[in-house]
Amino acid sequence: MFKLGKLAIEVAKHYGADYADIRIIDTKNEEIVVKNGKLNVDYSNTLGFGIRVLYKGSWGFSSSDNLTTSEIKKVAKEACFIAKASSSLQREKVRLAKEDTYKDHWFTPVLKNPFRIPLERKADLLFKIDEILRKKSEIKVAYSEMSFQNIRKWFISSEGSEIVQDLLRSGAGYSATALGNNDMQVRSYPASFGGQYYSGGYEIIEQMELLQNAERIRDEAIALLKAPQCPNSVKDIIIGGAQMVLQIHESVGHATELDRVLGYEENYAGSSFATLEKYKKFRYGSKIVNLFADATIPMGLATQGYDDDGVRSQRWDIVKEGILVGYMTNRELAHKIGDRRSKGCNRSQGFYSIPIIRISNLSLAPGEWELEDLIRDTKDGIYMDVNKSWSIDQRRLNFQFGCEIGYEIKNGRLGRMLKNCSYQDITPVFWNKCDAICNENYWDLWGVINCGKGQPGQRAEMSHGAAPTRFRKVRVGIGNK
Amino acid sequence: MLKKEKLLDFASTIVKMSDADMTTVSIVGNKESLTRFSNNEITQNVDSTKYSFTIRTVYDGKVGIVSGTSLDTKNIKKFLEKAKEISKNQTHKKEILPLPSKTDYTFTKSFDKKTETLSPDQRAKYVKDAVKICAKEKMNGAGIFSNGANSFVIVNSNGLEAHFENSNVTFSITAQAKNSSGWAEQNELSVKNIDVIKNTKIAVEKAKKSKNPKDVKPGKYTVILEPAAVADLISFLSYTTFNGLMIAEGRSFLSGKIGQKVVSEMVTLYDDPYFEGVGGIPFDFEGFPRKRLTLFEDGVFKEVPTDRKVAKMLKLDNNGHSLGADDEYGPLPLNLYLKEGSSNLEEMIKTTKSGILVTQFHYVNMLNPMTTTITGMTRNGIFLVKDGKIKDGLKNMRFTQSIMESLSNVLMVGDRCIVQSGGFGGGFAVPALKIKDFTFTSKTEF
């Protein structure tokens, strides 16, 4: 592969490229789904390459799924022609932040390769979950799934880097959809929209306690049908970890992507309120709010050795004691905040996509509270968890999120189950209402596998760590009567 | 893109190589070239051509599905072996329906070679035209000019051969001023219909008109939704409310309501892959011909999108809306066409004493599929209409609103459909709508 890679670089240079890199990517996926007793198994294997070049400070990118020397020559030439067209409308030349060159092989630590676990064993677990979920007639749809992804990626650059990475991630989850009482309610485990995902092997699935929780999840879905609605009111809310992941992702992660901040996503995903004049000054949240990005954290979905710029993975602060102190950056834009080095956030969906800035693993540092004490300390509130819906404006200010399940808190005690829980606020106003975070015993990483951005659209994966967190006086139950 | 004959030949070769009881091969090809600009310069410029094939084999009532990218028959043996291994390693059989046989399809003109093959220089020229207008107005232009083509092939061991291709071109622009913005977009099957200058001027005008935006209180308002905003709303109906399986399983607002009046009699809605300019696929993902459906006629719920499974559940005919033989999501209408009315946008504004004009929505998401309640933000041009005139630009607001309730509250329907969200499966065709009692629930700071 390195030989093919070097050929791409040579051809690109021949056609005038000042910088070039190639990523050759071999991806294997296995998805196993059981829905209402029916099994579907999908296996895919894709292979291709993408060549990115800089010509007089402008980008060009082209790709192909035909990995031959003649195709590499053709695509490298195309990338250069595209870059030349880009340079015809240029205000500022792209200049890449310096990075050491690497010759390395990095891989995800794995105990059990999920692709070597027999299919019957994996399907059998899903069938057992399915059987438990469908034991009660109110459950109309039982859906359980497992998904595994193995990416082998070669990165070769004109600066001399030659990097191979083997990235493996595993995940599983299930949901029960209950119908009745003129209503439909869904409960999921361990999280919604596909479950929980980590980088790692089948050992992750074995630790998820999937079977042990199936009965509870089924019964909660049924109980929600008759539960009262979340009141349309203002309450103190404690948000569980599975919902905090979306809160962090949408209101901090995307808001601190430097390309958004600089207007590169203005026409599609949007921009950000966290503009450069706020850097190192702006009070994003209360003093107890500490958010850090970390592409080296064990089991994170954005955990890897190097990003698609060939930058070695790092850990850095985004919000420290409530103040905005960092952004997600790449080699192209790092200098816009005065950084000499990229934070290593440039990633692409596949060989056919140009790398763009993506959220790294971004986590809210744990606090000191025990959950029981936090509930005891809350007079009039709602505990809500597990994401059901999400929406946020194009500058990441006004958000409204819905949760699968909630519980009333009255005078320090958990009370009735509540359905259709939602909350709405303005990002920095909301984070400044944060007055308590549970400790590391309640803290976990939660995987996001469906983060969309860019044109053409790209999907990326990352994780967010969080523990249950309290926010004071938040509007809840929007639209509920 | 590869020619029809080559794609059909590749798929047929795989079918012949397979020793399964049943074999189906589908290929999706996609060429996408896209020039992206922001801050009045080109920031990204990409070209990608990729094919993915999927092989479905059935051995003794057990299904194996594998997919890959390289259209090289030398690699196929390992994929067929993998599909066989998946089937053999299953202990549970499921009901397998017979494969559809060869049939005829109705094609509309959906492919233009020139559109597929526009060069990066040609795209750059279009972008320069747009940026020039923005720069002259001291605004930042951001957007895309993209062109490409899609192809879709299905071949099975029962003799079916289906091929479809469409081309597409999109110009989209946001004109960003000091404290306001405007947006316009055009999706076409042929580049000859694209008007970059006209769209850029629309975006610039919207940004000008909405400068120094005012606040209004959240609440119920009469709204005039431009076509893009209407598409943002009804796209949710496509994969939830009109999902045939959800309807059959009682999980949709429309469950058990066939023949009932469910929205305003001003609303007639079709699923129409044959609507001019939409570029819809004339067959479903099993290869059955896709029938044009009347979903709502004068407000009455008439037809359900079906595949064979849903047709059996609801005792209806299969009308060709399958997402695949093993699909568990449910058959969908992919090409909604909301029938035009008789009002133009100016008349909608003129007849409004007090209301809000919305250009587009942002980040819309479903809150409650049973009530079709969704939430989202306005974006890039929201205006206060007073006494028949656009008075002020407004700061953006969040709405929380049932779609079906909105379609019951329609006051006027636009006289011109615009195609939105083109792509692989084609787009939607929708006009503007004027709707009463549309609920905004909160506001934002810009």
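Author: Of the 481 residues of chain A, 61% count as buried. Buried means that 20 or more other C-beta atoms, placed from the backbone, lie within 10 Å of the residue's own. This is a predicted model: local features need pLDDT of at least 70, side-chain atom pairs need pLDDT 80 or more, and totals for chains, interfaces and linings use all residues. Residues count from 1 along each chain as its sequence is written, while chains are lettered from A and ligands numbered from 1 in written order.

Chain A holds nine helices and 23 strands. Both are DSSP runs numbered from the N terminus: helices are H or I with at least four residues, strands are E with at least two. Chain A has a radius of gyration of 23 Å, close to the 23 Å from the globule rule for 481 residues, so it is as compact as a globular protein of that length. The radius is taken over C-alpha atoms, and the rule is 2.2 Å times the number of residues to the power 0.38. Along the principal axes, the C-alpha atoms of chain A fill a box of roughly 70 × 55 × 35 Å.

Now the partner. In chain B, 72 residues are in contact with 67 residues of chain A. Contact means C-beta atoms, placed from the backbone, within 7 Å. Strand β2 (residues 41-59) of chain B gives the most to the side of chain B that touches chain A, with 11 residues.

Strand β2 (residues 38-55) of chain A runs parallel to strand β3 (residues 62-68) of chain B, over four bridges. Pairing takes at least two DSSP bridges between two strands. D42(A) stands opposite I65(B) in β3(B).

Key. Contact = placed C-beta atoms within 7 Å. Buried ≥ 20, exposed ≤ 12 C-beta atoms within 10 Å, placed from the backbone.
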